[in-house]
Amino acid sequence: MTDLASPRHPLPAGASITPPDQQPDQEPSLAVRNNGGVAPSAEPAPAGRREALLVLGFGGPEGHDDVMPFLLNVTRGRGIPPERLEAVAEHYHHFGGVSPINDQNKALVAALESELAGAGIDLPVYWGNRNWAPYVEDAWRQMAEDGIEHAYVLATSAYASFSGCRQYHEDVARARVALELDPTAPTGPTAEKLPHYFDAPGFVQANAEALAAAIASLPEEVRGTARLVATAHSIPNAMAAVAGPDGGAYEAELQRAAELVVEAAAPGRGFDLVWQSRSGPPSVPWLEPDVNDHLRALAESGETAVVLFPVGFISDHLEVIWDLDNEAEETAGELGLTFARAATAGTHPAFVASLRELLAERRSGGEPRLGTNCPAACCFVKRPARPAA
């Protein structure tokens, strides 16, 4: 019988992704350690090096029996109340226990493979997850067995923050250390994460076209006056405060992305940036306002229509379709607000092309940007010690 209290891929006893006598926020950084002990290079990739692209995602359950083990993986050590886990589990059970994120990531991998092949780039694409199969540890071993020497890591998050960037560096470190500690395993690749892509032209174009389509779907009499509302995953205030080298980068990048999208889709229109999908204990302050509270405030101020565009996400996964297409749309209906929701970037050709360009940027050299060469203290959140098993 599976022990749901145990992580699926624990590091060996006493092992850590942080070297002895070093603190997690001290140099050398995760980016340097994952890259074999040297900073990501500003020079072109060495000729003949066997390289790959790893799409690194969050993961999601594939059936009813997976839901609670998956949620325990996601929330391990965070003190989430059991009743909150049960409530979130019901969201997954509503959709047959299957998260759409897995099929969306498979589609992204296929689109990237096609895009690379069309550009004449002979580079294999792997897929691994933090919280569910295929786990990043398994993808890392497969790359090692396939002789891959260096992996470019595409995180399915466009933004700075602990959960949006640093934790993906940690995922790579965990997979790398686990492989190094296995005497039966081949040597694994070095790795570098691709930079943040919130302002990549294709990402902006995909979101702008989706926003324009959502506006056009409204009745003609409210299209020009509907309030535009960008949404993103809320995070704890403490996490937001340390996002990026100087703090505040998560909110700043989201604000800039939303500005670019609105400029392209509806020049001159105002917009609001609000938050969704809070999951932490009530005692911990998170970014506000929540999208549902904001809808109530809009209705009270006399607004009659709203268009939500979830620029904080790259695909229509469960938190988008549940929190917006169910809860927010229901709230809008109760308030008498005409409602539309824009699609996410998904596998829009311009978005996929921008991801190829990010990869090409790193392979051809140039100063590594934020997300690739992050300082050791970047997005660092000191987590409470976990109780002994």
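Select Ser29, in the segment before helix 1 (30-34). Helices here are DSSP runs of H or I with at least four residues, strands are runs of E with at least two, and both are numbered from the N terminus. Ser29 is buried, at a relative accessible area of 1%. Buried means under 20% relative accessible area, exposed means over 50%, and partly exposed lies in between, with a 1.4 Å probe and protein chains only. Now show the partners of Ser29: Cys374, Pro375 and Ala376, leaving out residues up to four places away in sequence. A contact is a pair of heavy atoms within 4.5 Å.

This is a predicted model, in which local features need pLDDT of at least 70, side-chain atom pairs count only at pLDDT 80 or more, and totals for chains, interfaces and linings use all residues. Residues are numbered from 1 along each chain as its sequence is written, and side-chain values use heavy atoms, with hydrogens and water left out.

The peptide bond from Glu27 to Pro28 is cis, with omega near 5 degrees. Next, go to Pro289, in the loop between strand 6 and helix 11. The bond that joins Glu288 to Pro289 is also a cis peptide, and its omega is near 10 degrees.

Keep that loop between strand 6 and helix 11 on screen and select Ser277. Ser277 is not a glycine, yet its phi is positive, about 65 degrees. Is Ser277 buried or exposed? Ser277 is buried, with a relative accessible area of 8%.

Jump to Ser161, in the loop between strand 3 (150-155) and helix 6 (162-180). Ser161 is another non-glycine with a positive phi, about 145 degrees. At 2% relative accessibility, Ser161 is buried. For background, most residues other than glycine have a negative phi, and most peptide bonds are trans.

**Helix 12**

Select residues 318-335, the 18 residues of helix 12. At 1.5 Å a residue they should span 26 Å, and the end C-alpha atoms are 24 Å apart, which agrees. The expected span is 1.5 Å times one less than the number of residues. Where is helix 12 kinked? The kink is centred on Ala328 and is about 25 degrees. That bend is the angle between axes fitted to the seven residues ending there and the seven starting there.

Colour the buried residues of helix 12, among them Trp322, Asp323, Ala328 and Thr331. Their cover includes helix 3 (82-94), strand 5 (227-233), strand 6 (271-276), helix 11 (291-300), strand 7 (305-309) and strand 8 (338-341). Step past the end to Gly336, which follows helix 12 and has a positive phi near 80 degrees.

**Helix 4 against helix 13**

Show helix 4 (residues 101-118) with helix 13 (residues 349-364). They pack at about 65 degrees, with axes 10 Å apart. Axes are lines fitted to C-alpha atoms, for helices over the stretch in contact, and angles run from 0 to 180 degrees between N-to-C directions. The crossing is right-handed.

Which residues make the contact? Helix 4 brings Leu108, Ala111, Leu112, Glu115 and Leu116, and helix 13 brings Val352, Ala353, Leu355, Arg356 and Leu359.

Just after helix 13, Gly365 has a positive phi of about 100 degrees.

**Two last picks**

Select Phe198, in the loop between strand 4 and helix 7. Phe198 is buried, with a relative accessible area of 12%. Beyond four places in sequence, Phe198 touches Ala158, Tyr159, Phe203, Val204, Glu253, Arg256 and Ala257. Draw a C-alpha distance from Phe198 to Ala258: 9.2 Å in space, 60 residues in sequence.

Finish at Ala238, in helix 9 (residues 237-241). Ala238 is exposed, at a relative accessible area of 54%. The C-alpha atoms of Ala238 and Leu123 are 39 Å apart, with 115 residues separating them along the chain.

Note on methods. Left-handed = near helix turned anticlockwise from the far one by under 90°.
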